[in-house]
Amino acid sequence: MSEFKLHCFALSGNAYKVALFLTLAQKPWEAVFVDFLNGETKTQAWRDTVNEQGEVPVLEHRGQRLSQSALILDYLAEVTGQFGAQTPEEKQEIWRWMLFDNHKFTSYYATLRFLYGIQKSGETDVTRFLRERARAAYQVVDAHLAKTPFLVGERLTIADLSLAGYVFMPEDTGLDMHDFPHVQAWKARIQILPGWQHPYDLMPGPTSL
Ligand SMILES: N[C@@H](CCC(=O)N[C@@H](CS)C(=O)NCC(=O)O)C(=O)O
């Protein structure tokens, strides 16, 4: 039995942040499939037993059940000694980017991807709004990555793993990734790390509706 159990599903970039941490850290982990597309996270039973916030990912470890990807990444950095901050200044920078990720970079992009790329909503005022918000967030990250190989300095940290949640997802969002060359170069740096795997290879479940 693996030490780490991750409640996840293939389409979830938020879960991928954690799955990729465990994989790159070479920590054996077990996937617990969540049937998100059929409404499992909306059921009272799931909320009562897994996560009252109704969100994936959830990590089980040493009798604890943790949710919120940024908190899980921080916890994993602490217990494994990998990909975490080495100075108080790095800790501030890591949290600054993880909060930006949760509020803007992942959240607008993931919502756009779900509506436009997975549900095939077509173009609506909502998708246009989300795309412009996502584009603005990508521009911020692209400008930052023009100055540094990883979000916080010269090595991969949990800040990179947080922002990497959705960047490898293949669905069309109507954004042209060639507009973000430094994000592209950063993705390539992550992809060549030993053990890297695509989200759809790492987590169980369907990859389309
Ligand atoms: N801030 C959360 C976001 C998690 C999240 O939105 N997860 C999605 C799946 S990728 C979810 O479970 N959404 C359910 C919902 O919004 O009702 C995190 O980083 O863990």
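**Ligand site, backbone geometry and residue pairs**

Residue Y108 belongs to helix α4. The structure described here is a predicted model.

- Y108 counts as buried, because its relative accessibility of 16% falls under the 20% limit.
- Y108 and L130 stand 22 residues apart along the chain, and their C-alpha atoms are separated by 5.6 Å.

**The ligand and its surroundings**

- The side chain of S69 places a polar atom 2.6 Å from an oxygen atom of the ligand.
- For Q68, a polar side-chain atom is found 2.8 Å from a ligand nitrogen atom.
- An N or O atom in the side chain of N102 lies 3.1 Å from a nitrogen atom of the ligand.
- On its own the ligand has 510 Å² of accessible area, of which the protein covers 75%.

**The cis peptide bond at P57**

- Most peptide bonds are trans.
- The bond from V56 to P57 is cis, with an omega near 10°.
- P57 is located in the loop that runs between α2 (44-49) and β3 (58-61).

- Most residues other than glycine have a negative phi.
- F83, which is not a glycine, has a positive phi near 60°.
- The loop between α3 (69-80) and α4 (88-118) contains F83.
- F83 has a relative accessible area of 16% and is therefore buried, the limit being under 20%.
- K120 is likewise not a glycine, and its phi is positive at about 55°.
- The position of K120 is in the loop between α4 and α5 (125-145).
- K120 has a relative accessible area of 62%, which is over 50%, so K120 is exposed.

- A10 sits in the loop between β1 (4-8) and α1 (13-24).
- With a relative accessible area of 1%, A10 is buried.
- A10 and F33 are separated by 23 residues in sequence and by 8.7 Å in space, C-alpha to C-alpha.
- D35 is part of the loop between β2 (29-33) and α2.
- D35 is partly exposed, because its relative accessible area of 25% lies between the limits of 20% and 50%.
- Along the chain D35 and Q82 are 47 residues apart, and 30 Å separates their C-alpha atoms.

Terms used
Residues numbered from 1 in each chain as written. Predicted model: local features only at pLDDT ≥ 70, side-chain atom pairs only at ≥ 80, totals over all residues. Heavy atoms only, no water. Polar contact = N/O pair within 3.5 Å; in protein donor to acceptor, adjacent residues only side chain to side chain. Areas by Shrake-Rupley, 256 points an atom, 1.4 Å probe, with all protein chains shown as cover. Helix = DSSP H or I, 4+ residues; strand = E, 2+ residues; numbered from the N terminus. Buried < 20%, exposed > 50% of the residue type's maximum accessible area, 1.4 Å probe, protein only.
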